[in-house]
Amino acid sequence: MPDEPVRYLAGIRVLDFTFQAAGAYAAMLLGSLGAQVIKVESASRPDPTRQRVNRPYIHSVFYEDVNLDKQAITINMKSPEGQELAKRLAGASHVVADCYRPGVMQKWGMGHADLRERYPHLVTASLTAAGQDGPYARLPGYAGIFNALSGAGNLTGYPDGPPTEFRTSMDMRAGALFAMAIAQGLLHAKRTGQGRSIDFSASEAGSTSVGDSIVEASVEGSDPGRRGNRDPRFAPSGVFACRDGWLALAVRSDEQWRQLVARLEQDGRPRPEGLETASARLADRDAAEAYVAAALESLDRAGAFELLSACGVPAGPVMDGGDLVADEHLAARGLFVRTPVTTSDTTRLVTSAPWVIDGRRPQPRPAPDLGAHTDAVLASVLGMSDSEIDALRTSGALS
Amino acid sequence: MAEQSNGGAVRVLELAQEVTGPFVGRIFALSGADVVKVESLPDGDPMRAQDPAGSGASAVYEYLNAGKRSVGIDWTVADAPTQLERLWSWADLVVVDDAFLAHPPVRRLVDSEGGPPVTTVTPFGLEGPYAGRPATSSTVFAMAGETIMLPGGLGYELFPDEPPLLARGAMADTDAASIAALVSTAALIHGGEGHVNDVARWEAEASLNRWIASHFDDSGWRESRATRAYSYGGLTACADGYVMIQIATESQWEAFVRMMGEPDWARHPDYDTQAGRTAAGGEIGEHIRAWAGGLDKATIFALGIEHGVPVAPFREVPEVLACPQFNERGFFVDHPSAGPGQPQRLPTLPYVDAGTPLPAAPGLGEHTHALLDGRGSAAS
């Protein structure tokens, strides 16, 4: 896939006050679609993920994972000059996104109402743990907090075990939905000429990810409890041991079961009796699952995946980071690519955008160094001269 | 509300069933779009028959398809391609899943030049060695790198010999819908004809766990449930359930100590730094468990909000539905035709000003005549 795909958001400018995982992932997705994303930090308050230095690089691995396709500038938001500069940049942008706790952007005169009054065309978007207002507005939040409040953690787990800690992925789920919400705001602005204020709750995003389960449970009026890996609609279903790890599967139809049994019979495995129908398998799911478990334990995951797929049975090996990087399908589709590390002569594996447009996948640009584009952005976006930029720097507004 | 400059709503043609594609349509419907859902006759979306409550009605179908119009197409009749082409030419955006790609007339239009932007949502993408293989939300989730990390912490301590965990319900399918809706919306912003957005559900979910790939590449580290635990805090049992305690900064630790009533143990000099607390995580965890065990979820949460500490109760579904914060923000709305076997409240989208109250989900083929046979405004 050598050619770049169409950049849908070319010409869109995002002034990006997000940091950590959720907001940064959202802004990166917009950058992957072609938007100019200008990440605003300061020397005293860089994105905290930069400082997760677990290798001899300035950039942490995680920082690079969620800050591709951006430019980085530094503005001292404690200075009046810095705040005014940020407002000028906002006026020249289509989106201002942030993930500060409620009150921080307002303190700088950059809350939703402030910006929309000054620049009605803007899409202003804030991501917080629980929203800008309401009884939980002061709650500081991370992925684990969103997960707990959302109900997602309580729904997943062993039947007699505790709830489950979804961690970084809950940030990223919120980030993907946040990016979508911003895009919807941009579409609205394009069609009406009016911006939009998006007050996004990461906890509600967690609930959205299990919306189907919440709806199911709400019919019954009580919490359904945790049920492990079994899908109550399908038997056999769950996670089964293979020779080299685990594999998930679900037999969804009698035809899939028939094909699977016929295939295993060719290998000498006796045909199980009385399990031909879905209702029979659900009634005696222990027997159906014991039959599958016995067949899989001598296979490796790749072989089992192929066998089950050939029978039409949905299946998937349980994979870790190493498995994903080595996978032939993802390699063929170019999901992972290497980008240069700016501070060394090495390269690093990163994950490209999770879409292919017209057969081509976007090639990410490396995550920027702190303030790497300050001068270039001020010159190109605001038309500032070198002397004007120097004056700002001397005043401390760019530190 | 997403409206065209001429006053018309964005027109979305949904050729999809079960969760991912319909959730994309749901996002657009909640944003004000006119969403026409094509269902294959005679049975329609299999989700209609899914019956978690044993009531004969599908609450999840209702949730995913509220506010849409339904057109039934019988793919065995000669007129089906013509019907499809009429709907296709009406649409600003088409969303297609693997079930509908299996119908040759659909595939032909996806592969044709020009026309509205098309977003395909399939398990593994349109191309590649696994393209066409079947999957469920759970099998995609398992492949995407998170199952191997679940459960970490207390869950793994208690059940080290059980298989790793799948997420409940259709989490991965729903996650993929976020990405598909994002790229679809971007295509509408851009305009232009003939673009095909290939969204693989597996890649969308793996993208959420991207750090495990880069960490493996960087250091050879393979994160798993055995290694996935907070040094202290995390999932913690209390008097009536569980709470999450996630202390990330020095100021949060200080506030947490105040929240616990300034116990003497917390002033141990070794605990003055994050590094010191991490090293002593086991003993700090013991103290926290002893403290939390004497309090209920509501008390701990109220203390957390008062002191600005990241703690939260693990909520059961009825508690989520009753959440004062969610309800004040209008996250849940009343179901327009709630009855036996139907949910009373439905989630909207996780941002204020997002939710458009939606009418009930359509009957199978309820709008076929209006859109295809009569003078329905949409297809005329």
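In the predicted model, chain B has an average pLDDT of 91, and 92% of its residues score at least 70. Two stretches of chain B fall below 50. Over residues 1–6 of chain B the pLDDT stays under 50, although the model places 21 contacts beyond four places in sequence for this stretch. Residues 375–380 of chain B also have a pLDDT below 50, with 13 contacts beyond near neighbours in sequence. Where pLDDT is low, the predicted coordinates should not be read in detail. For the complex, the predictor reports an ipTM of 0.97 and a pTM of 0.96.

Chain B contains 17 helices and twelve strands. Along the principal axes, its C-alpha atoms fill a box of roughly 80 × 45 × 45 Å. Of the 380 residues in chain B, 57% are buried. Among contacts in chain B with a separation of 6 or more, 69% are between residues 24 or more positions apart.

An open sheet is formed by seven strands, with mixed pairing, in the order β12(A)-β6(B)-β5(B)-β4(B)-β1(B)-β2(B)-β3(B). Its edges are β12 (356–357) of chain A and β3 (69–73) of chain B, each of which pairs on one side only. Within the sheet, β4 (residues 93–97) and β5 (residues 118–122) of chain B are paired in the parallel sense over four bridges. Opposite B:Val94 stands B:Val118 of β5(B). Helix α3 (residues 80–90) of chain B lies across β1 (11–15), β2 (34–40), β3 and β4 of that chain, and runs at about 155 degrees to β3(B).

The sheet includes a pairing between the chains: β12(A) and β6 (residues 196–200) of chain B pair in the antiparallel sense over two bridges. Here A:Val356 has B:Asp198 in β6(B) as its bridge partner. In general, strands of a sheet pair through backbone hydrogen bonds, either parallel or antiparallel.

The contact between the chains takes 114 residues from chain A and 124 residues from chain B. On the side of chain A that touches chain B, helix α8 (residues 168–192) of chain A gives the most, with 17 residues. By residue class, this side of chain A divides into 60 nonpolar, 34 polar and 20 charged residues.

Key:
Residues numbered from 1 in each chain as written. Chains lettered and ligands numbered in written order. Predicted model: local features only at pLDDT ≥ 70, side-chain atom pairs only at ≥ 80, totals over all residues. pLDDT = per-residue confidence, 0-100. Contact = placed C-beta atoms within 7 Å. Pairing = 2+ DSSP bridges. Axes fitted to C-alpha atoms, helices over the stretch in contact; angles between N-to-C directions. Nonpolar A, V, L, I, M, F, W, Y, C, P; charged D, E, K, R; others polar. Buried ≥ 20, exposed ≤ 12 C-beta atoms within 10 Å, placed from the backbone.
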